[in-house]
Amino acid sequence: MFINFWYPAEWSDQVTDAPVRVRMLGQDFVVFRDSAGTAHCLSNTCIHRGGSLAGGKVAGDCVQCPYHGWEFDGDGVCRRIPSLGPAARVPARARVDAYPTQERYGIVFAFLGDLPEDERPPLMDIPEYGQPGWRVTTQDRRSGDEYRRQVENALDPAHNEFVHPTHGFSGERDDYRVPELQVEEDEWTSGFMTQYFAPPLKDEKMKSASGRSEDATIEAGSIHHGPSTICTKIHPTAEVCIHQQAFKVPVDELGTRTFLVQTRNFLLEPEHDARFLERNDVVAGQDADVLAALEPRLTPETNHHEFLLPADAAVVRYREKLALWESRGWRIDTATVERNRKRAAYAIPSPARRSRPSGWVLDPVPLLAGDAATAARTATGN
Ligand code: FES
Ligand SMILES: [Fe+2]
């Protein structure tokens with residue numbers, strides 16, 4: 001799990017007048033709105049004696065701890081300590097980590113890390129969101145699978161033939177093969193578009209509206225943005241688009257929540273939403289059945305113990321990106337966090353720790369030491 005990326009914390013309409021506890025990257029956060037309606041995300045552990053801020057209430061522009069009533073504003077600064085009396089000055093050290101937020105696509109996103117604004121990876125853009133001629137649906141999915149396994153599954157064009165009966169011919173055609181992959185990438189992304197041969201759709205409405213003929217060739221592909229966001233594009237014809245933007249957040253090492261924002265440019269009337277949602281559920285269920293049985297449960301740390309093929313090229317490139325981000329010191333040392341789980345509360349380091357390195361009550365979450373050798377290890381499989 002990696003710090004220094006934007007993660008979906010909660011749907012905007014779920015953050016109303018009460019604080020919400022959200023678990024991300026194996027840590028707890030509180031999300032709340034101030035009196036102006038601005039959403040904030042703080043480390044959930046009260047620095048007094050460990051109360052869960054999300055168990056308290058919103059008081060003006062602050063969230064109030066349920067244990068002794070300390071109040072923290074959206075910047076994480078403690079504004080009031082009731083036990084000191086009304087005239088007391090609040091010590092400067094009384095603050096919790098606060099994370100930058102932005103609301104887009106009906107989701108509150110939090111930047112979980114300490115990078116200054118101009119160095120932060122961007123949130124994935126959805127250019128057609130809110131544009132005329134496009135319809136948006138959303139789905140919330142929670143699973144007990146690791147996010148890397150899910151991302152790699154999306155970047156794997158060879159599984160569709162066997163896992164999804166509507167995406168291929170279940171290995172029955174003699175001429176089946178995966179076309180050579182052209183993996184495209186930039187600083188934060190990599191992925192591909194390719195072609196699939198798919199059987200005719202059973203749903204006549206979808207079939208006619210998508211313009212998809214018998215045994216059609218479908219252009220489709222996926223690209224990852226950062227460690228846990230995926231955009232899958234499905235183009236049954238040159239004019240017809242289904243785009244699936246999956247903003248995933250690792251809840252824990254084994255546990256992923258997906259905020260799916262799907263856009264389509266056909267069958268725009270709301271009464272057609274259900275058929276898309278149901279279809280997504282069926283396909284996601286097929287993937288989930290396979291992922292739940294993978295060994296090991298977590299993506300392997302080297303490429304040594306798998307037999308990788310050219311069709312796995314995008315998976316390999318994704319792993320190389322992760323290794324690069326690990327080499328920058330952005331990967332959480334989950335083994336140490338787990339070992340200390342009952343004895344130590346940590347906070348994901350926030351940007352304020354850069355300008356004010358000392359005086360924080362909670363230790364930052366342990367990170368794996370970054371080094372160039374880490375990047376080389378996964379890239380070469382050595
Ligand atoms: S533990 Fe939060 S106010 Fe005491
Ligand atoms: Fe799949």
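Predicted model: local features only at pLDDT ≥ 70, side-chain atom pairs only at ≥ 80, totals over all residues.
**Notebook: strands, a helix and one valine**

Residues are numbered from 1 along each chain as its sequence is written, while chains are lettered from A and ligands numbered from 1 in the order in which they are written.

**Around E4**

I looked up how E4 is joined to E9 (residues 98–99), and found two bridges, with the strands running antiparallel. Two strands pair if DSSP finds at least two bridges between them. E4 also pairs with strand E3 (residues 27–33), antiparallel again, over five bridges. E3 and E4 make a hairpin with five residues between them. In the turn sits Gly37, with a positive phi of about 90 degrees.

Is E4 mostly covered or mostly open? It is mostly covered: five of the five residues of E4 (residues 39–43) are buried. Buried means 20 or more other C-beta atoms within 10 Å of a residue's own; exposed means 12 or fewer, partly exposed is in between, and C-beta atoms are placed from the backbone.

**The seven-strand sheet**

Next I followed an open sheet of seven strands, in the order E12-E18-E17-E16-E15-E14-E13, with antiparallel pairing. Its edge strands are E12 (135–143) and E13 (184–185), each pairing on one side only. Further in, I checked E14 (residues 189–198) against E15 (residues 216–225): they pair antiparallel over ten bridges. Tyr196 stands opposite Ile218 in E15. Helix H4 (residues 273–291) packs on this sheet, touching E12 and E18 (256–264), and its direction makes about 30 degrees with that of E12. For angles, axes are lines fitted to C-alpha atoms, for helices over the stretch in contact, and the angles run from 0 to 180 degrees between N-to-C directions.

**Helix H5**

I tested the length of H5 (residues 313–327): at 1.5 Å a residue its 15 residues should span 21 Å, and its end C-alpha atoms are 21 Å apart, which agrees. The expected span is 1.5 Å times one less than the number of residues. H5 is mostly covered, with eleven of its 15 residues buried. Among them are Val315, Tyr318, Leu322 and Trp325. After H5 comes Gly329, whose phi is positive, near 85 degrees.

**Val365**

I found Val365 in the loop between strand E20 (363–364) and helix H8 (372–380). Why do I call Val365 buried? Because it has 23 other C-beta atoms within 10 Å. Val365 touches Gln27, Ile332, Val337, Tyr346, Ala347 and Ile348, leaving out residues up to four places away in sequence. Contact means C-beta atoms, placed from the backbone, within 7 Å.

**The whole chain**

Last, I zoomed out: the chain has eight helices and 20 strands. Of its 382 residues, 35% count as buried. The C-alpha trace spans about 80 × 50 × 35 Å along its principal axes. Residues 24 or more positions apart account for 61% of the contacts with a separation of 6 or more.

Notes. Helix = DSSP H or I, 4+ residues; strand = E, 2+ residues; numbered from the N terminus. Contact = placed C-beta atoms within 7 Å.
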